[in-house]
Amino acid sequence: MERAAEKGKAIVAAVEGPNSFIEPFEIECLGPICLLLFRKIQSRMVTVSPTDSVLSATQKMLELRLSAAVVTVENKPRGILTSKDLLMRVIAQNLSPESTLVEKVCSASC
């Protein structure tokens, strides 16, 4: 069992990247398979800053054809900006995407 765990850790180490949200102690908590799945999802993820404009965040989402972006501070997730946020908090309230900051309209605690 220990050998299987070590092999799993080797696989995880091979796919870890510099923009990882996972802390070293979390590797112990997540199984290697779950961690690999997270890495695959992370590669199809857009990250934006709370101080980015809604327009620039939306352009990043559009490039990858995603309906959400993870709002990060110091490479740690702090919230999410979804297409529903854009619709209900920007378009419906007639706010300017160029001058509205992500932190004003994102879900969760940005």
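**Figure 1. Salt bridge between Asp 52 and Lys 60.** Asp 52 and Lys 60 form a salt bridge, with their closest N and O atoms 3.7 Å apart. A salt bridge here is a side-chain nitrogen of Lys or Arg within 4 Å of a carboxyl oxygen of Asp or Glu. Lys 60 is partly exposed, at a relative accessible area of 32%; buried means under 20% relative accessible area, exposed over 50%, and partly exposed in between (1.4 Å probe, protein chains only). The model is predicted: local features need pLDDT of at least 70 and side-chain atom pairs count only at pLDDT 80 or more, whereas totals for chains, interfaces and linings use all residues. Residues are numbered from 1 along each chain as its sequence is written, and side-chain values use heavy atoms, with hydrogens and water left out.

Figure 2. The side chains of Asp 85 and Arg 89 meet in a salt bridge, at 3.4 Å from N to O. The two residues are four apart in helix H5, which puts about one helical turn between Asp 85 and Arg 89. An α-helix has 3.6 residues a turn, so residues three or four places apart point the same way. Asp 85 counts as buried, at 5% relative accessibility, while Arg 89 is partly exposed, with a relative accessible area of 33%. A search of the whole structure finds two salt bridges.

**Figure 3. The two faces of helix H4.** Helix H4 spans residues 54-63, and its buried residues are Val 54, Ala 57 and Met 61. Seen down the axis of H4, these residues fall within an arc of 65°, so they line one face of the helix; the arc is that of the directions from the helix axis to the C-beta atoms. The face turned away from the buried side carries the exposed residues Leu 62 and Glu 63. Helices (H or I, at least four residues) and strands (E, at least two) are DSSP runs, numbered from the N terminus.

**Figure 4. Packing around helix H4.** The buried residues of H4 pack against strands E1 (47-48), E2 (68-73) and E3 (76-82), and against helices H5 (83-91) and H6 (102-105). Contact means heavy atoms within 4.5 Å. Arg 65, which follows H4, has a positive phi near 55°.

**Figure 5. Strand pairing in the sheet.** The three strands form an open sheet in the order E1-E2-E3, with mixed pairing. E1 and E3 stand at the edges with a single partner strand each, so one side of each is left without a neighbour in the sheet. Two strands pair if DSSP finds at least two bridges between them. E1 and E2 are parallel and share two bridges; Thr 47 has Val 70 in E2 as its bridge partner. E2 and E3 run antiparallel and are joined by six bridges, and Thr 72 has Pro 77 in E3 as its bridge partner. The hairpin of E2 and E3 has two residues between the strands, and Glu 74 takes a positive phi near 55° there.

**Figure 6. Setting of the close-ups in the chain.** The protein has six helices and three strands, and its elements run α-α-α-β-α-β-β-α-α from the N terminus on. Of its 110 residues, 29% are buried. Among contacts between residues at least 6 apart in sequence, 43% join residues at least 24 apart.
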